[in-house]
Amino acid sequence: MILHSLRTKVLALVGGGLLVATCGITYLAHVVMERMIDRNQQVVYQNELDHLLLVLSQYYTELLNTYQEEVYRDQFQEEALRIIRQNHLVNADDNVYPVILDATGKVLLHPRLPVGDKSLIGLDFIQAMLQSPSGHFKYRYQEEDKWLIFAHFKPWNWVVGYSLKQSYMYADLARFHRILLPVIILVLFTVALVLLYGLKRFLQPIISLTRSAGFIAAGDFSQPIVAVGRDEISVLAGSFESMRKAVEQTIRNMEQQRHALETEVRERQRAEYQAQAAEDRMRVILDSVADAMLVTDPELRVLTF
């Protein structure tokens, strides 16, 4: 159980680190790509916006050349809007379209709203357009996230802009995520398999140590510890194997000594038993003799009489 817990912890630690690193890299790639898209879209639609402003400037210059600006202003403005509508609005869709407002926020050019529509006047992003000479920002309109770049045409006090849906603007980024997610899953699965294989080889000496420790705790010193490799764990396993052999030899020697002592004790007990039996027989013989008998040892000390 401890071994499996260790393997799980190591796998979770390495896998978690890899997952965090992958998520961090993915987030960083997302941020970088989003900023690149923002810059590219700003450059592209700034050029489109400049083209619209150039068309308006050309018509304004022609109006000034008539020297009757007040008389022909409405006519030149209508003609400029007609040309822009014809060249830029006919083929536009809900994803990308130009928009022109007057100084109050009333619609002059829009793909869905009629000329003179005032429904946009009170909106926050319209007020931001009217109050700033130029710029770009993201906003939400009719439950859709959009991006807008705009500039003022000061001679007629109009606000000219291009609006893009963010889903269209970041379509490449969405495709990147759809492609990246399966790749990340595949990479994590592959790395997990490699980690499992590597952990099995890496933890094999620990497995042997754990198994041998269990045998040793049970009193069995006959199971060898396999040590393959030259890393620290293999060296530790080799040291434990040397210790196991030394302990096994010590126990074997102690068993031999114990067996020898038991044999010697049995021999002494047998000899003592035989001596005691001989002594008892002698006493019986002596007790049965009627005449007095004196028994001495080799040094003439009296043993019995």
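A residue is termed buried when its relative accessible area is under 20%, exposed when it is over 50%, and partly exposed in between (1.4 Å probe, protein chains only). By this criterion Gln41, with a relative accessible area of 17%, is buried. The structure is a predicted model, in which local features need pLDDT of at least 70 and side-chain atom pairs count only at pLDDT 80 or more, while totals for chains, interfaces and linings use all residues. Residues are numbered from 1 along each chain as its sequence is written, and side-chain values use heavy atoms, with hydrogens and water left out.

The secondary structure of the chain comprises seven helices and seven strands; helices (H or I, at least four residues) and strands (E, at least two) are DSSP runs numbered from the N terminus. Along the sequence these elements follow the pattern α-α-β-β-α-β-β-β-α-α-α-α-β-β. Of the 305 residues, 27% count as buried. Contacts, defined as heavy atoms within 4.5 Å, were also examined by sequence separation. Among those in the chain with a separation of 6 or more, 49% are accounted for by residues 24 or more positions apart.

Five strands form an open sheet in the order 2-1-5-4-3, with antiparallel pairing; two strands are taken to pair if DSSP finds at least two bridges between them. Axes are lines fitted to C-alpha atoms, for helices over the stretch in contact, and angles run from 0 to 180 degrees between N-to-C directions. Helix 2 lies across strand 1, strand 2 and strand 5, and runs at about 60 degrees to strand 2.

Strand 4 is mostly covered, seven of its 10 residues being buried. Eight bridges join strand 4 to strand 3 in the antiparallel sense, and the pairing of strand 4 with strand 5, likewise antiparallel, extends over eight bridges. Within strand 4, Ile149 is the bridge partner of His136, and Leu148 is that of Phe137. Ile149 also has a bridge partner in strand 5, namely Tyr162. The hairpin of strand 3 and strand 4 has two residues between the strands, and Gln142 in this hairpin takes a positive phi near 55 degrees. In the hairpin of strand 4 and strand 5, where four residues lie between the strands, Asn157 takes a positive phi near 60 degrees.

A nonpolar core is a set of buried Ala, Val, Leu, Ile, Met, Phe, Trp, Tyr and Cys residues joined through side-chain atoms within 4.5 Å. The largest such core contains 32 residues, of which Leu56, Ile100, Phe153, Trp156, Trp158 and Val160 touch the most other members. Two or more residues are given to this core by each of helix 1 (2-65), helix 2 (69-89), strand 1 (96-101), strand 2 (107-109), strand 4 (144-153) and strand 5 (158-165). Helix 1 supplies the largest share, 10 residues. A second, separate core of 15 residues includes Leu101, Leu120, Tyr139 and Val159. Not counting residues up to four places away in sequence, Phe153 touches Leu53, Leu56, Ser57, Tyr60, Trp158 and Val160.

Rings of Phe, Tyr and Trp (its six-membered ring) were paired if their centres lie within 6.5 Å, with planes under 30 degrees apart counted as stacked, over 60 as edge-to-face and the rest as tilted. This rule gives nine aromatic pairs. The pair of Tyr45 and Tyr162 is tilted, because the ring centres are 5.6 Å apart and the planes stand at 50 degrees. Tyr45 in helix 1 and Tyr162 in strand 5 are 117 residues apart, and their pair links distant parts of the chain. Tyr45 is buried at 11% relative accessibility, as is Tyr162 at 5%. An edge-to-face pair is formed by Tyr60 and Phe153, at 6.3 Å centre to centre and 85 degrees between the planes. Tyr60 lies in helix 1 and Phe153 in strand 4, so this pair ties together parts 93 residues apart in sequence.

Helix 3 (residues 124-131) has Phe125, Ile126, Met129 and Leu130 as its buried residues. Viewed down the helix 3 axis, these residues fall within an arc of 140 degrees and therefore line one face, the arc being that of the directions from the helix axis to the C-beta atoms. Asp124 and Gln131, on the other side of helix 3, are exposed.
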